[in-house]
Structures are given as structure tokens and as C-alpha cells.
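User: I am new to this structure and would like to learn how to read it. Could you walk me through some features one at a time?

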Amino acid sequence: MISLRNGDWRLFFGQQDENAPASPDELLKSNFQKIPAQVPGNVELDLLNAGIIENPEIGNNVYDLRKFETYHWWYHLKFDSPEIPSGHLARLCFDGIDCIADIWLNNEIIGRTENMFVEHRFDVTGLLKKENELFVCIHSSILEGRKYQRGHWGVRYDALGGESVNIRKAAHAYGWDILPRLVSAGIWKDVYLKSVSPTHFKTVYWVTKSVDIEQRKASMYVDWEFATDRLYIDDLILQIKIHNETTTVFDESFNIYSTVFRNRINDLEKIEFWWPRGYGEANLYQTELSIQGKDGNVLAKDVQTIGIRTARLINTDSATMEDPGEFVFEVNGERIFVKGTNWVALDALHSRDKSHIEKCVDMLVDLNCNMIRMWGGNVYEHNEFYDLCDQHGIMVWHDFMMGCTMYPQDEGFMKKIEDEAIKAITRIRRHPSLVLWAGNNENDVSLEWEDDQPHIDPNEDVISRQLLPGLVRRFDPKTPYLPSSPYISSEAFRLAGNRIDQSFAPEQHLWGPRGYYKASYYTENHAKFVSEIGYHGCPNRHSLEKMFDRDYVYPWTNETDFIWNDQWQTKAVRSHPYATETIKRNDLMTNQIKCVFTEVPTDLDRFIQASQIIQAEAKKYFIEFWRMNKGDRNGILWWNLRDGWPVISDAIVDYYYSKKLAYHYIKRVQTDVCVMVGDDKGSGHPVVIVNDTLSDVDGRYLIKDSDSGAVLQENGFEVKRNGRLEEKSLPPPERTALWTIEWEVNGETYLNHYFAYRPHVELDIYLKWLPSLDGSNSGKNHL
């Protein structure tokens, strides 16, 4: 592989009008501006480096990018040809182009791309010269989108549904409530030349058929297919090897008599299985398939890292109060309680995604998340992300990249989705962390938003109900498939009176009124699994000072009434100065503070403290509520880990990696063994201990009043594997109180707390406890 990323790239740009150049020759004669470019990159970063734009992360500068949405962008590179062995193919490979582009090599057009999400390969055998000239012409996604006629079936008539729905580009780019409108362009992933041997593997697919955990045995099969220019293949040998760093569990050779075959590998012994975090080690094996000639020379080789495990989703099509249904993940025959979050765009400028992956996965590990949901408004992630999830035992729920509207049903669009899905599935399917493909994010329930089209049955959607499940069955039959999240089945639609109502689904997104976090909307909900639930929290002051121009940090336009100034509205996130969809999102913070405290501070630092306290208590409460009901509830994926842009949102870590208070609270309540106190429902405050491991555990816990130091309860405990234990309830306090919870398991001490109150509480009462709760003080062992 010969990388072209470090070449002397140039970027030409100008309006995409009737005078725009249509070929490289016309480009070089045009008046288009030319600047140095970085590949991988986004055009905005090149404009910034050239001093043409101000930093779009700050204040209202992102609106200055609007004028570039209708531009033509031409990347140009000269490069020398590498040595291509005789008989080999030469492929020009783009791992990601955003988005609609014509590719020219040596003044000849070699192909066109229309999809940001997936890789593109072009056969350039015979086209390479000693010195080569490459042009990539990227067209305006906005102008391309205007060429389509929108229908009215399920399509949102706004920037998301109207402009983006026909273009295979990250939907958030057109403006979302967590990211700005930033309709970028660029060669956002690697570009390189690859030499392809005449004999090479076309596909290799590993499947774990069954496991015997007690006997440490497993049965597998591997499907493989190869291409070759040989007419006679009967003298070829296939070698299959499975090993880890210390042990080889399989190593055999077979005579080849077909270019496509399935090898069944039964009764593997002394297997170290792959488990999600908490339930065991995330053990990995390396597999090697090699095709050898009769002289022993290797003609083709495939190397993968796999985990030996089974995974399934046990779910019902509907749920009611009388029959709440089921939605639970099972790995190696064990029910897994899911604790995790949603993975949104790492950066609005996706060429920077890769630099964020390791730091963000490190935080998932620190928070003890055992699942991440790849949200459908984002992109399919770099391979490094899935590798890290494999290594750390983080299960991946993977949406296909569609969200919040119905998509075109015509043959041309479905062909785009088919090509995209095949590439995504075949690239990602090898990872043991992958446990679910989901058709989209919220397309089903989007039909009932604003009560526009709740009568439309989402099961008429051909993409999620026919095309994608068929492709998953063809290319990754071992992995479960869910049509949408939340999924409104035909039965759920019927139970709701032929309307869309997610309360009839066992898996839900709990956004609702976004008011008091202990309201009945949350506490009386019967969802078995919640895959989105969030609460706003103001970023730290030093982050606000980075994202705003100085004069806009504080005060707000009107301190008393919280009329937010223009840049606070922009960071809310307002997609355009005229847009009104998100102008009340900052009010979520003030309203949520009002639900608990007696005041909404007008001092900025106190406001930040109050907002972060409420966010932290709310998210802690959500996680505890689901965990305390383990057995009846099976998992929670809160929204979300980190912002992909400097904004004000539900994230617990902002774009600059500054952690909000919620980060520390969540870390404490996502330990494998956790002691929690719940709300009094008439018989006292329940004390519940959960054990999300596959070993029985014993320990000791202590609950104290933070002010007086009085011991409220102290006891030893034993909790069965993957179990739940309820201890004696605590009587309600006579006043607002903070109870500290401390427990010890296997020599390690853990901390939690319970905020015992009834609205409304003076902020200063909580602030006196905050130093012991904010994560900077781990506490002392009093057991």
C-alpha cells in the first residue's frame, strides 16, 4: 500500500455556477482560488489555515461557512507511480470522500462517488504513468440535493428531511440539536494506491456456532471465497490457524478444489471466550487463512482478530403495562445488563475523528460502559474504534446511517443504501463487539412528531423492513437486526389504535417533556430497555470562554429573565440565524434547575454549578432506577458522552474534554457491584445491591448522614452472580439530607450517595456537600 496522504495537495475552489470548470483543463484556466490542502482533511480546515475564514468553533463564526455551501472543490495532487508487480492490479483507494465527487487520473475520468460513509475503489491498472496527476472534483451537496423532488410520505419538510434525505452524507451536517449546520466537503479519510495479487481472498467470514462455557469448548465455521487467474486450482492448499499469544487452538491444512467453501471447525477446546466488560475478559484470537501453492509459497493471506462468543437479542414486538414484553442482550448464554451511552459525531469536521477515538474509548472504559450505541446521524467509525471496543469488552449496537425521517423508497436510492450497507457490514462484521445492527435512529417514531403523520404505518418502509434485514441475513447472519430504534412493529402499531406510540415498544427513547427528572414520565414508564435518555448540563466556565467571543460569555441579554444573547442561542444549537427550532434549548437548564432548587442563579458560576448538579443527579437517578430494577429492566444507554463541537448540550464531557459533574457521578453508579438507595414509595427508601459479574460476591456497606456522621445502616452482604439483592429500607429523613454510601468488595472501596429531598431546596445546602462529591475527593475508607 502506497499512501498519498502526505503528498503536495492543492485545493481549488469557487462558486458552482454555469461558469464552473467541468474538467481539469478548464480548472487550470479558471479564476478559482488555490490554497494548500491537507488530506485527510475538510475544506474548512484548509480555509482556516489559509487565513480565509475565522475559527468556526467560536461564537457565530460557523454562519460564515454558509456561503461556501454552493462551492465547487477541486483537490489536485501529482505523484510518482510505485512499482506494481507483474500480473497485479493497481487500485486507487479512497476510504472516505465527502461526498459527491468525480475522480480524474491523468486527464481521464475514472469514476464518481455519491456516498460519504463508505470506501471507494477504482481499478487504475494500465492508467498509471511514471508521473501522475490526480484531480478530485467535489460538487456542492446542497445543489445536488435540490435536483430531487421530495415526496410527502414520512419526509420532514425542513433542512434535515428536505435537503439531506437524498444525499448519503452525515445527517447532522445539515443542522441538529447537538451539532451546528456545517455542510462540509473533503477527502476526509485516507487515500492510497494498493497492489492486488491475482490470487486474493474476496471474503472471509467467521462465525461462532455454539459455546460450552463450563467445558471451555466451541464450534465455529469460516466461509471463504477467493479470486484467481489460475485455471487449475487443485494443487492449492488452504491453511487455517487460530491462536492467541500463548496457545494455538486450531492449525490444519486442506486441499482446495473450489474457490468458495465453508470449513466447519467443531469441538475447539480450552477456549478463552470473549465477554462484555464486567462479565469476564474480552479474550481475542488471531485467525490466519493462507492459500499456498504446491511449492509452499503463499499466494494469498487473510488475518483477522476475532472473539469466540455467541450473541443474541431476545425481544418482543410489543409491550403493554400488563405484558411489558422483553428486550435483553444475551452473550454466551448469559443475560447482560447494559450500562452505556450513545456515540455521536466525534467532530463536526470528520477528518479529525480519528484523533478523538482513543481518548473517548478510554473514557468509556473509565466509566465502565459495556455497550456503545453507534447513533444513526453520525458516520461508520474508523476501524481503530471497533478494535478498541473488541479489546475492552464494549459491545457495539450499530445503527445504519439514517435518522429522524423517512427516506426515499425509489429504486435509485435503495441501490445507494444497498451498496453502502454491503460495504459497512462486510467491513465491521468480524468484530466480536458487534452485537446488533439497527435499521435507523428514530425513523419510525419521527412520523408522530408534531402529530403530523402518526397514522402512517412505519412497517411500510421498504428500506428498514425488507432491504436491510435481507442484507444482514446475506452478509452477517450471526448478528441480530432491529428495524428501527425505537421499533414500532405491526403489533405495536395495532395496539396503539393504528397510530405510532413508542410506549407500546419494549425499547424506548425517553426524552418527553424534559422536566423534573423524577416525574412519572420516567418513574412509571415500563420500558425494558432505554437507548436514549438525557439531561442538559452547562459546560464549565473555561470552556464557555473558549467557545464564545469575550463579550458574549456573560451577562446574558437579560440576567433576571434569562433572555439569552445571540451567541448563547447559536450554541444552543441554532442552525441558522433565522432558525427557531432550538431557541428554547438553553431554557431546559433553567427549567430543570427550577424543578429542584429555590433559585435559578443569575451569577454565571453559580448557574453552572446548579445546572451541572441537576444534570449529574438526573443521569445518576436514571441509571440507578434501571439498575435497581434489574431483572425487570435490562439496560440503559444515556445520552451522551462528549460533544462533537463547542455547544451546550446533554453531553457529560464537552468538546474540549472538560468533564462535567455528571461524569463523576456516572462513574460511581456504573461499577460492576453497586449499592444504591431509591426513593421512598411508602415503605421507606429501598437499599439495593446489584452484581453485574459472573461470580458470587460478598462485601460490606455503610450508609451515613453526611452532616451528622450518624450511621444509618451498616451490613455485610452476599449477592449471587449476575444478581440483585434488596436490603432493609431506610426511613425517610425529617429534613433535606445527603446520605453517603460506601462499600467494599474484594479489598476495593467504592462510593455513592443519595440526595434525600423534596423540591424545592436551597442551592447553598447542596453546595456545602459538593466538595466531597465532585470526583476530586475519593473519600476515606470508613468500613
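User: How much of the contacts in the chain with a separation of 6 or more comes from residues 24 or more positions apart?

Analyst: A contact means heavy atoms within 4.5 Å. Here, residues 24 or more positions apart account for 70% of the contacts in the chain with a separation of 6 or more. Please keep in mind that this is a predicted model, where local features need pLDDT of at least 70, side-chain atom pairs count only at pLDDT 80 or more, and totals for chains, interfaces and linings use all residues. Residues are numbered from 1 along each chain as its sequence is written, and side-chain values use heavy atoms, with hydrogens and water left out.

User: Is phenylalanine 337 buried or exposed?

Analyst: Buried means under 20% relative accessible area, exposed over 50%, and partly exposed in between, using a 1.4 Å probe and protein chains only. Phenylalanine 337 has a relative accessible area of 3%, so it is buried. Across the chain, buried residues make up 60% of the 783 residues.

User: How do I read a helix?

Analyst: Compare its reach with the expected span, which is 1.5 Å times one less than its number of residues. Helix α5 (residues 353-366) has 14 residues and reaches 20 Å from its first C-alpha to its last, close to the expected 20 Å. Its buried residues include His356, Ile357 and Leu364. Among the elements covering the buried residues of α5 are β21 (338-343) and α17 (661-669).

User: What should I look for in the backbone angles?

Analyst: Most residues other than glycine have a negative phi, and most peptide bonds are trans. Just after α5, asparagine 368 takes a positive phi of about 60°. Aspartate 267, in strand β15 (residues 260-268), also has a positive phi of about 60°. At 54% relative accessibility, aspartate 267 counts as exposed.

User: Where are cis peptide bonds found?

Analyst: One joins tyrosine 554 and proline 555, with omega about 5°. Another joins tryptophan 639 and asparagine 640, with omega about -10°.

Definitions and conventions. Helices (H or I, at least four residues) and strands (E, at least two) are DSSP runs, numbered from the N terminus.
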